[in-house]
Amino acid sequence: MTALILIIILCALFIYVAEDIPVFGDPNAPPIKAVKLFTMKADQVASLLDQHIVPGKLSRELVKRGLPPPSHIEKIPGMDGEWNAFIAKEESYYAKEEKYYWIKEEGDKVRVSRYAFVVRWIEKGLKETAVPNMVTYGLADYRGYDTLGETTVIFTAGVSVILLLRRRSRL
Amino acid sequence: MKEGKQETNIVVETVARVMIPFIQLFALYVIIHGTGGPGGGFQGGVVFASVFILYVITFNLAGGRERFPESANIVLSSLGLYVYGGIGLLAIIFSLGTAQYLNYGFIPFTSHFEENRALGMDFVEMGIGITVMAIIASIFFDLAQKKGRFKKGDGEGG
């Protein structure tokens with residue numbers, strides 16, 4: 001009887017919690033380093049980027065695709081012909097200014113890519129969680145819901161074995 | 001494994017007696033250091049449960065059940081899940097409903113948001129470890145003990 005009440009309380013907790021789960025399936029966040037968006041001619045863009053100016057052509061192209069325009073550009077240290085583009089604070093997923101686009105010069109073209117969540121995961125995890133182990137903050141913090149579900153699966157497996165093998169009378 | 005008629009081997013028993021505390025200590029180490037190095041609740045829990053298996057195959061099943069009684073097993077198997085869920089719920093309680101479930105930063109363990117998250121992760125790993133340990137041990141004891149389940153005429157019940 002006590003076990004039944006506890007299980008009902010646990011179910012109620014999970015139902016309450018299920019409303020809190022963040023939205024899944026964001027098409028802009030696949031698990032690779034960066035997603036290629038488009039290429040464009042590099043006639044003026046590269047020199048503008050070197051002077052930390054956001055080219056108007058680039059912003060227009062991004063806005064046309066429904067992406068936030070960059071607020072400022074920085075050269076990647078130690079890399080020639082590669083830039084990071086940052087977005088402003090208003091972007092919906094990030095409260096702070098974030099590194100968002102990766103621009104690379106290839107011959108006479110410029111390739112514009114968007115950083116994936118993994119980059120943020122690697123670079124910001126230690127700062128955000130004070131845990132040096134990338135796997136653990138992924139397992140227990142960023143994907144805490146997933147781990148709660150996994151633990152529930154193990155618990156369910158154990159309860160199923162108890163029900164099947166330990167029953168003393170017919171169910 | 002017939003109780004009472006079991007062969008005893010002095011070498012195996014001595015080795016098991018010496019090894020079991022160290023394996024338990026190693027399991028606790030794996031759980032506690034899950035945030036700093038390789039390891040975590042799942043691995044540590046399984047290592048801890050392996051101690052019961054070693055005990056049972058060295059000594060006997062009834063002795064193993066005496067050391068880890070069924071009542072404690074049932075309580076522990078759900079306790080870990082309640083620790084996990086409770087830590088998540090504490091975040092909602094302490095932030096008065098403004099934070100998300102499982103957002104450990106809002107639980108005031110320390111004054112730093114980031115260290116709160118690290119400590120919250122530690123407690124969650126402990127919860128996982130307790131549940132995994134108890135469930136693995138429970139499954140092992142259930143599969144190991146015979147209660148005449150396969151006798152004919154006994155019906156479906158055990």
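**Chatting through the two chains**

Q: Before we start, what kind of model is this?
A: A predicted one.

Q: OK, chain B then. How many helices and strands does chain B have?
A: Chain B has five helices and zero strands. Along the sequence the pattern reads α-α-α-α-α.

Q: And how much of chain B is buried?
A: Buried residues are 39% of its 158 residues. As for contacts in chain B between residues at least 6 apart in sequence, 60% link residues at least 24 apart.

Q: Switching to chain A: how is chain A divided?
A: Into domain 1, residues 34–115, and domain 2, residues 116–171. The centres of those two domains of chain A, over C-alpha atoms, are 37 Å apart.

Q: What about helix 5 of chain A and helix 5 of chain B, at what angle do they cross?
A: Their axes cross at roughly 80 degrees and come within 10 Å of each other. An angle of 65 to 115 degrees counts as roughly perpendicular, so helix 5 of chain A is roughly perpendicular to helix 5 of chain B.

Q: Which residues make that contact?
A: T136(A), Y137(A), A140(A) and D141(A) from chain A, and R117(B), M121(B), V124(B) and E125(B) from chain B.

Q: Moving on to the largest nonpolar core, which residues touch the most other members?
A: There are 41 residues in that core, and the ones touching the most other members are A49(B), Y84(B), A91(B), M121(B), V132(B), M133(B) and A137(B).

Q: Which elements give two or more residues to this core?
A: Helix 5 and helix 6 of chain A, plus helix 1, helix 2, helix 4 and helix 5 of chain B. Helix 5 of chain B has the largest share, at 14 residues.

Q: Zooming in on A137(B), what is A137(B) in contact with?
A: Leaving out neighbours within four places in sequence, A137(B) contacts A49(B), F52(B), F68(B) and N73(B).

Terms used:
Residues are numbered from 1 along each chain as its sequence is written. Chains are lettered from A and ligands numbered from 1 in the order in which they are written. This is a predicted model: local features need pLDDT of at least 70, side-chain atom pairs count only at pLDDT 80 or more; totals for chains, interfaces and linings use all residues. Domain bounds come from an automatic or database domain assignment. Helices (H or I, at least four residues) and strands (E, at least two) are DSSP runs, numbered from the N terminus. A residue is buried if 20 or more other C-beta atoms lie within 10 Å of its own, exposed if 12 or fewer, and partly exposed in between; C-beta atoms are placed from the backbone. Two residues are in contact if their C-beta atoms, placed from the backbone, lie within 7 Å. Axes are lines fitted to C-alpha atoms, for helices over the stretch in contact, and angles run from 0 to 180 degrees between N-to-C directions. Angles under 35 degrees count as roughly parallel, over 145 as roughly antiparallel, 65 to 115 as roughly perpendicular and the rest as oblique. A nonpolar core is a set of buried Ala, Val, Leu, Ile, Met, Phe, Trp, Tyr and Cys residues joined through C-beta atoms within 7 Å.
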